[in-house]
Amino acid sequence: MTVLVHTHPLVRQLENDLLPLFRAALPQLAASAPQVLASVFAFSSGTASAFQDYHFGISCLLGEMPDDQPEEVALLVSITGLDASALLSAKVVWGQPSGRVETQAELPAADLPALHAALPGLLAALRTAAQRGQPGV
């Protein structure tokens with residue numbers, strides 16, 4: 001259980017669905033990209049309040065990289081706009097200085113079935129990106 005548990009029902013559902021799934025994906029990720037340090041994360045953010053947006057995902061740290069190359073690639077699932085109509089986004093994205101999006105899912109509104117259907121492809125894209133160790137061309 002994390003500190004996010006006391007919040008919005010949709011956030012609770014995402015936390016209960018995603019965090020165990022992401023933790024279960026770590027061994028396969030470690031086996032396919034042993035040079036990577038992978039971990040699961042969940043945090044809130046926002047400008048109007050600290051609990052306006054929520055983010056869940058898997059971060060893959062690549063170790064020592066040249067200054068012009070990103071040190072991280074992550075699977076990031078975000079929910080925004082809890083006070084109005086919630087929007088979901090899910091993508092595999094490289095850290096700075098690249099910021100390149102490897103892939104992203106098209107998710108209508110707060111469509112949890114669409115998110116669950118997209119997760120296997122997103123996890124595969126994260127594994128591939130972590131194995132490659134740099135953004136694709």
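Predicted model: local features only at pLDDT ≥ 70, side-chain atom pairs only at ≥ 80, totals over all residues.
View 1. Residues are numbered from 1 along each chain as its sequence is written, and side-chain values use heavy atoms, with hydrogens and water left out. Arginine 100 forms a salt bridge with glutamate 102, their closest N and O atoms lying 3.2 Å apart. A salt bridge here is a side-chain nitrogen of Lys or Arg within 4 Å of a carboxyl oxygen of Asp or Glu. Glutamate 102 is partly exposed, at 22% relative accessibility.

**View 2. Glutamate 102 and arginine 132.** Glutamate 102 also forms a salt bridge with arginine 132, where the closest N and O atoms are 2.5 Å apart. Arginine 132 lies in helix 2 (residues 112-132) and glutamate 102 in strand 5, so the pair ties together parts that are 30 residues apart in sequence. Helices (H or I, at least four residues) and strands (E, at least two) are DSSP runs, numbered from the N terminus. Through shared partners, salt bridges join Arg100, Glu102 and Arg132 into one network. Arginine 132 has 35% relative accessibility and counts as partly exposed. The whole structure contains two salt bridges.

**View 3. A patch of negative charge on the surface.** Glu64, Asp67, Asp68 and Glu71 make up this patch. Patches of charge consist of residues with over 30% relative accessible area and no salt bridge, like charges being joined within 9 Å. Glutamate 71 is in the loop between strand 2 (53-61) and strand 3 (72-80). With 47% relative accessibility, glutamate 71 is partly exposed.

**View 4. The cis peptide bond at proline 97.** Glutamine 96 and proline 97 are joined by a cis peptide bond, with omega about 10 degrees. Most peptide bonds are trans. Proline 97 belongs to the loop between strand 4 (87-94) and strand 5 (101-105).

**View 5. The chain around these sites.** Two helices and five strands form the secondary structure of the chain, in the sequence order α-β-β-β-β-β-α. The chain has 137 residues, of which 40% count as buried.

Definitions and conventions: Buried < 20%, exposed > 50% of the residue type's maximum accessible area, 1.4 Å probe, protein only. Patch = residues over 30% accessible without salt bridge, like charges linked within 9 Å, V, L, I, M, F, W, Y side chains within 5 Å. Areas by Shrake-Rupley, 256 points an atom, 1.4 Å probe, with all protein chains shown as cover. Lys, Arg positive; Asp, Glu negative; His and termini not counted. Charge placed at Lys NZ, Arg CZ, Asp CG, Glu CD.
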